[in-house]
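Colleague: Could you take one part of this model and go through it closely, in a single connected account? I would like to see what surrounds that part before moving on to the rest.

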Amino acid sequence: MLLGQDGVTNGAIYALLALALVLVFAVTRVIFIPQGEFVAYGALTLAMIEAGRLPGTVWLLLAAGVLVVALDGLDALRRGGVGRLMKVVGWNIVYPLALVALMRFVPTDTWPLAAKVALTMAVVVPLGPMIYRVAYQPVAEASVLILLIVSVAVHVAMVGLALLFFGAEGSRTSAFSDASFTVGPMMVSGQSLWVIGTSLALIVALALFFGRTIYGKALRATAINRAGARLMGISPALAGRLTFMLAALIGALSGVLIAPIATIYYDTGFLIGLKGFVAAIIGGLASYPIAALGAILVGVLEAFSSFWASAYKEVIVFTLIIPVLVWRSLTSHHVEEDE
Amino acid sequence: MMANILEVKDLCVSYGKVEALHNANLTVGEGQIVTVIGPNGAGKTTLLSAIMGVLPSRGEITFDGAVERVPEVERMVSRGMNLVPEKRELFGEMSVEDNLVLGAFQRYRMGLRDHAGTMEEVYALFPRLKERRSQMAGTLSGGERQMLAVGRALMARPKLLMLDEPSLGLAPLIVREIFRIIGELRKRGVSILLVEQNARAALQVADEAYVLETGEVAMSGPARQLADDPRVIEAYLGLGGKHQDRLAVTGE
């Protein structure tokens with residue numbers, strides 16, 4: 001029972017990541033290997049804020065912002081005049097600087113946990129669209145393989161930077177809630193409930209976003225028919241930035257959720273991301289509900305195998321992908337990539 | 001003098017070394033229907049794609065009084081140009097209503113949140129779409145899909161609507177319905193650039209016409225005049241149709 005509970009908790013995190021991976025792939029055809037890095041960035045940024053230190057991610061945000069302005073500044077000036085340029089500069093340089101100033105001069109480590117989490121998100125989430133602009137947008141029309149290679153590069157760069165920012169030491173953050181409940185024979189920790197509850201809430205919020213809002217519909221439309229979406233004025237760049245922002249949001253939030261129950265190192269993100277990826281593959285990188293169910297399966301499988309055969313727990317989880325791939329390739333017809 | 005909504009000067013488009021469009025010149029007056037006819041592979045679709053900014057081109061495109069040196073799709077949409085492509089490019093796994101809502105995406109982004117009203121107008125024009133509002137676009141019949149594609153473009157309240165082969169693959173009755181709607185749109189002040197293989201119907205509804213052959217404008221002039229031109233009759237209208245009609249009329 002305890003294992004099952006552990007599995008479902010982890011599974012909820014994998015489910016979020018799997019959804020982000022499916023979303024990013026559907027809209028931009030990018031297999032987003034660095035998804036896990038956002039988990040580590042979120043968790044470790046929060047840990048540094050708690051420790052009262054200035055997280056290096058905020059400098060990364062500033063550096064990425066400067067790059068974006070270098071790429072977009074001239075174009076914005078030519079097209080939309082000074083107003084548009086100021087907007088680009090404002091979001092990409094002034095905003096990170098404001099965050100740096102805030103963290104430097106305001107003792108944020110005494111803030112309540114919720115405020116710290118919000119601050120973490122404010123630092124990490126804008127990295128998503130910036131990375132899209134810098135790394136992916138110039139090659140947005142390239143093949144899936146080239147986009148995958150770019151993903152590997154972004155992943156390696158982000159892990160390296162994480163080592164630089166956070167050091168090789170692992171961190172944990174304080175729990176959202178120390179409460180624990182006894183349900184029948186089971187002890188349920190407050191943090192597990194937080195993880196599962198937040199995951200569910202986020203999934204519902206995403207469903208509402210895609211079902212009800214025009215921006216959510218625009219992302220779906222881009223995933224269904226890129227050419228048609230373009231003719232409606234939904235630019236691939238806009239869709240890409242929006243998608244990467246959601247992916248970064250999901251990643252960072254997952255990191256914040258998991259930080260109190262697991263020690264996160266600078267490179268932990270990759271493994272977590274990969275498990276989300278296994279779940280996404282179970283859903284064929286296309287189905288959201290199957291990906292979410294697959295994620296729970298991955299989480300539960302991992303929990304049980306770590307108990308009975310802990311040396312092999314990763315092996316067992318990743319071996320899961322083989323029968324899934326075999327089954328998928330046998331049942332689905334090969335579809336030529338038509339773009 | 002009537003203002004021109006669109007002026008195209010010396011437009012060239014190449015696919016690699018092959019030139020698909022050579023020094024094309026074309027003008028669409030405000031409130032006019034202008035048609036481009038021509039055989040398969042003449043460059044009609046290429047022309048529309050280049051004006052819209054989907055394809056890179058050389059030449060000068062003036063839309064609504066401003067020169068667009070490098071037309072860009074999103075910008076053209078925001079300035080009031082809309083293209084209904086030959087393949088319709090609907091969002092198959094989304095409902096009819098969602099498809100329509102997305103037609104107004106660019107207006108919504110610019111802060112013009114009037115899509116509910118526009119949708120009622122589109123439904124008035126295409127009552128069939130209203131009946132099927134919650135159906136997936138991919139399950140519609142060919143004619144309904146074309147209506148949805150046109151309706152979706154109208155959601156953007158375009159100044160210039162470009163239609164690429166709206167009658168392609170549709171039953172004659174539906175084709176008539178589509179052309180009736182094209183005429184109806186003109187009454188509402190929408191300028192239309194219409195590319196058609198169905199030359200007879202196109203020349204009937206249009207004010208001005210261009211004949212495109214192997215990437216160049218071969219003939220141009222008022223649609224009625226072109227419809228009477230023997231070369232057009234022979235190449236595009238066929239001897240069996242209108243020519244015979246005319247003979248019959250003069251014979252009386």
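**Helix α7 of chain A and its surroundings**

Modeller: Helix α7(A) has 23 residues and spans 32 Å from its first C-alpha to its last, which is close to the 33 Å expected at 1.5 Å a residue. The model is a predicted one, and what follows should be read as a description of that prediction. Among the residues of α7(A), those that are buried are A:Gln191, A:Ser192, A:Val195 and A:Ser199, and these buried residues pack against α1, β2 (186-189) and α10 (236-258) of chain A.

In general, a pair of packed helices is described by the angle between the two axes together with the distance between them. Helix α1 (residues 2-28) of chain A and helix α7 (residues 190-212) of chain A pack at an angle of about 30°, their axes lying 9 Å apart. Because angles under 35 degrees count as roughly parallel, α1(A) is roughly parallel to α7(A). The crossing of α1(A) and α7(A) is left-handed. On the α1(A) side the contact is made by A:Gln5, A:Val8, A:Thr9, A:Ala12, A:Ile13, A:Ala15, A:Leu16 and A:Leu19, and on the α7(A) side these meet A:Ser192, A:Val195, A:Ile196, A:Ser199, A:Leu202, A:Ile203 and A:Leu206. By class, the residues of this contact between α1(A) and α7(A) comprise 11 nonpolar and 4 polar, with no charged residue. A:Ser192, A:Val195 and A:Ser199, which are among the α7(A) residues meeting α1(A), are also listed among the buried residues of α7(A).

The loop between α1 and α2 (35-50) of chain A holds A:Arg29. The phi of A:Arg29 is near 65°, a positive value in a residue other than glycine. A:Arg29 has 21 other C-beta atoms within 10 Å and is therefore buried.

The axes of α8(A) and α10(A) come within 10 Å and cross at roughly 110°, so α8(A) and α10(A) are roughly perpendicular to each other. Their crossing is left-handed. A:Tyr215, A:Ala218, A:Leu219 and A:Thr222 in α8(A) meet A:Pro236, A:Ala239, A:Leu242 and A:Thr243 in α10(A), and the residues of this contact of α8(A) with α10(A) divide into 6 nonpolar and 2 polar, with no charged residue.

Between the chains, 15 residues of chain A are in contact with 19 residues of chain B. Sorted by class, the side of chain A that touches chain B has 8 nonpolar, 4 polar and 3 charged residues.

In chain B, B:Arg88 has a positive phi of about 65° although it is not a glycine. B:Arg88 is placed in the loop between β6 (81-84) and α3 (96-103) of chain B, and, with 21 other C-beta atoms within 10 Å, B:Arg88 is buried.

Conventions:
Residues are numbered from 1 along each chain as its sequence is written. Chains are lettered from A and ligands numbered from 1 in the order in which they are written. This is a predicted model: local features need pLDDT of at least 70, side-chain atom pairs count only at pLDDT 80 or more; totals for chains, interfaces and linings use all residues. Axes are lines fitted to C-alpha atoms, for helices over the stretch in contact, and angles run from 0 to 180 degrees between N-to-C directions. Helices (H or I, at least four residues) and strands (E, at least two) are DSSP runs, numbered from the N terminus. Angles under 35 degrees count as roughly parallel, over 145 as roughly antiparallel, 65 to 115 as roughly perpendicular and the rest as oblique. A crossing is left-handed if the near helix is turned anticlockwise from the far one by less than a right angle, and right-handed if clockwise. Two residues are in contact if their C-beta atoms, placed from the backbone, lie within 7 Å. Ala, Val, Leu, Ile, Met, Phe, Trp, Tyr, Cys and Pro count as nonpolar, Asp, Glu, Lys and Arg as charged, and the others, Gly among them, as polar. The expected span of a helix is 1.5 Å times one less than its number of residues. A residue is buried if 20 or more other C-beta atoms lie within 10 Å of its own, exposed if 12 or fewer, and partly exposed in between; C-beta atoms are placed from the backbone.
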